[in-house]
Amino acid sequence: MTLQEQIRSNRLRSGLVVFGFVLLLAVLAGLVTLALDISLGVLALGFAAIYGVFALVRSRSLIAGLTHAQEIAPEAVKPLRRLVENVSIAAGLAVTPEVRIVEDSAPNAYAAGLRPEKSYVGVTTGLLATMPQRELEAVLAHEVSHIRNRDTYLMTIATVFAGVIALIADVGFRAIAYGGRSRRGGALIIVVAILGFILAPYAALLLRMSLSRRREFLADAGAAEILNDPEAMALALRRLAQNPSTIRYAEASTAHLWVESPTDRVDSQRRGVLALTSWFNTHPAMDARIAALEEAGGFRLPETLPAGESFGVEHDLI
Amino acid sequence: MLWLWILIGVVVLLGLFVVLGYNRLVRLRNEVDTGWANIDVQLQRRADLIPNLVETVRAYATHERTVFDEVTRARTELQRAGTPGTAAEANEGLTTAIGRLFAVAEAYPELKASESFLSLQDDLTDTEDKISAARRYYNATVMRFNTGVQSFPWLLVAKPLGFREREFFSAQGDTSLPQVSFATGAARDA
């Protein structure tokens with residue numbers, strides 16, 4: 001697939017996901033109507049539409065707020081800014097994304113923005129403190145390739161829809177549970193509605209997660225291609241995996257944005273018995289990602305990571 | 001009657017094939033053109049830094065005429081280069097000349113400490129990094145376009161419609177051409 005074909009297939013996929021979400025919304029509204037009242041169903045849909053549009057328009061700053069990413073003047077982080085510029089040029093992006101800093105000692109990074117021209121890359125101070133230049137560049141290339149592939153667009157839409165669905169299901173569930181008088185329809189309908197309200201958010205989550213796992217492999221491959229150096233990406237992933245710290249403001253709603261999942265590790269320790277839970281992971285296992293790079297690049301990662309001064313220390317950024 | 005329908009079917013299929021092939025090749029060629037424009041911007045930026053650099057060094061090292069001439073000549077060569085191949089050669093030539101200029105500068109401590117010289121040096125390094133980034137993208141697009149032109153069945157429409165293979169941006173003996181495309185391989189794995 002050429003790049004343009006990848007972007008187009010991503011657009012098509014976005015369309016399908018949006019369709020899936022709309023279908024899910026329609027089912028929810030139907031359940032509200034059957035179990036409660038038609039006016040409530042219309043109200044729920046109208047509210048979902050308004051909330052959805054608002055969230056999409058504001059997504060850039062909403063995500064920045066959720067992840068505690070600070071805007072920063074390009075001159076203040078000139079060496080980092082240059083790396084992002086170089087990676088963007090090598091990726092063929094027309095506009096270099098902004099850089100934002102997340103004050104957090106855990107190494108991680110993410111990209112956000114609906115359109116490539118209005119995107120930014122968020123980088124934690126921990127990433128600058130641990131990664132040597134070669135690997136930092138790989139992480140940045142990974143994020144830039146998310147932007148280039150329009151993954152950020154797709155994931156933003158998915159996030160907003162998942163939020164709307166969770167909200168409606170929650171309200172519907174409460175209305176049935178506590179609003180005795182407004183309840184309508186037979187016992188069977190009520191049971192189905194309750195089940196629907198409980199399961200809908202998980203269905204939304206499943207839709208969202210299955211998407212983001214695939215995108216991670218693509219972005220790793222994209223980074224390898226941008227830098228013409230698959231080993232750098234694999235090394236960066238290995239270094240991320242070895243670092244035990246997780247970011248402070250890790251939230252389920254933004255987990256899928258980061259280069260290394262901030263929540264999967266915690267989750268898999270907590271619910272390790274259930275193999276099923278891996279369906280809800282936002283990211284594929286690090287080993288699988290590294291193995292994919294090793295296979296594509298025809299190399300084996302050395303046992304020990306090369307030691308080297310981190311980019312942040314070298315350039316006095318932290 | 002049946003033969004007529006078969007004939008019409010074949011003609012329609014052929015037309016479809018030509019249209020699809022043409023669109024695909026145009027898309028690939030546009031990517032190459034964008035890639036080349038990116039390199040051109042950075043080469044121009046590099047060339048624009050040279051007069052300033054020469055003036056700055058001349059202010060301290062007045063007697064190094066030959067090196068100045070060499071750098072200026074290399075710059076003209078780069079600006080005159082018409083094809084990706086010659087531009088890459090000229091760019092290499094400029095790199096060598098600038099290297100010699102910096103070697104000369106070593107002998108003048110005041111020059112090496114001067115603010116403007118340091119910032120020029122920094123800008124030059126940055127431009128060189130950007131040229132190599134732009135080159136990676138451009139060469140990857142050329143690779144895809146050339147593969148498109150050479151591979152069956154598109155090669156049947158490429159020649160008649162005037163699609164010619166493009167030149168890589170690489171000097172002779174350069175070994176940094178793109179490896180295989182990773183994107184497709186790993187996508188399959190996922």
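## A residue to start from: A:His315

With a relative accessibility of 30%, A:His315 counts as partly exposed, because that value lies between the 20% limit for buried and the 50% limit for exposed. Please keep in mind that this is a predicted model. You can find A:His315 in the segment that follows helix 12 (311-314) of chain A.

What does A:His315 touch, once residues up to four places away in sequence are not counted? The partners are A:Pro79 and A:Gln133.

## Chain A as a whole

Chain A has 318 residues, and 51% of them count as buried. Its secondary structure comes to 12 helices and 4 strands.

Among the contacts in chain A with a separation of 6 or more, 75% are between residues 24 or more positions apart.

Strand 3 (residues 109-112) of chain A pairs with strand 4 in the antiparallel sense, over 4 bridges. Here A:Ala111 stands opposite A:Val121, and A:Ala109 stands opposite A:Val123.

Why is strand 4 (residues 120-124) of chain A described as largely enclosed by the rest of the structure? The reason is that 5 of its 5 residues are buried. A:Tyr120, A:Gly122 and A:Thr124 point one way from this strand, while A:Val121 and A:Val123 point the other way.

## The nonpolar cores

The largest nonpolar core has 86 residues. Which of them touch the most other members? They are A:Leu80, A:Leu127, A:Leu136, A:Leu140 and B:Phe169. Helix 1 (residues 2-60) of chain B gives this core its largest share, 11 residues. There is also a second, separate core of 30 residues, which includes A:Leu31, A:Ala162, A:Ile168 and A:Ala200.

For a closer look at one member, take A:Leu136. Leaving aside neighbours within four places in sequence, A:Leu136 is in contact with A:Leu80, A:Leu83, A:Leu127, A:Leu128, A:Met131 and A:Phe311.

## Two crossing helices

Helix 6 (residues 133-148) and helix 9 (residues 230-242) of chain A have axes that come within 8 Å and cross at roughly 95°. That angle makes helix 6 of chain A roughly perpendicular to helix 9 of chain A.

Which residues meet where these helices touch? From helix 6 of chain A come A:Arg134, A:Glu135, A:Ala138, A:Val139 and A:His142. From helix 9 of chain A come A:Glu231, A:Ala232, A:Met233, A:Leu235, A:Ala236 and A:Arg239. Sorted by class, this contact has 6 nonpolar, 1 polar and 4 charged residues.

## A buried glutamate

Is A:Glu294 buried or exposed? A:Glu294 is buried, because its relative accessible area of 9% is under the 20% limit. This residue belongs to helix 11 (residues 286-297) of chain A. Setting aside neighbours within four places in sequence, A:Glu294 is in contact with A:Phe299, A:Arg300 and A:Leu301.

Technical notes: Residues numbered from 1 in each chain as written. Chains lettered and ligands numbered in written order. Predicted model: local features only at pLDDT ≥ 70, side-chain atom pairs only at ≥ 80, totals over all residues. Heavy atoms only, no water. Buried < 20%, exposed > 50% of the residue type's maximum accessible area, 1.4 Å probe, protein only. Pairing = 2+ DSSP bridges. Core = buried A, V, L, I, M, F, W, Y, C linked by side-chain atoms within 4.5 Å. Contact = heavy atoms within 4.5 Å. Axes fitted to C-alpha atoms, helices over the stretch in contact; angles between N-to-C directions. Parallel < 35°, antiparallel > 145°, perpendicular 65-115°, else oblique. Nonpolar A, V, L, I, M, F, W, Y, C, P; charged D, E, K, R; others polar.
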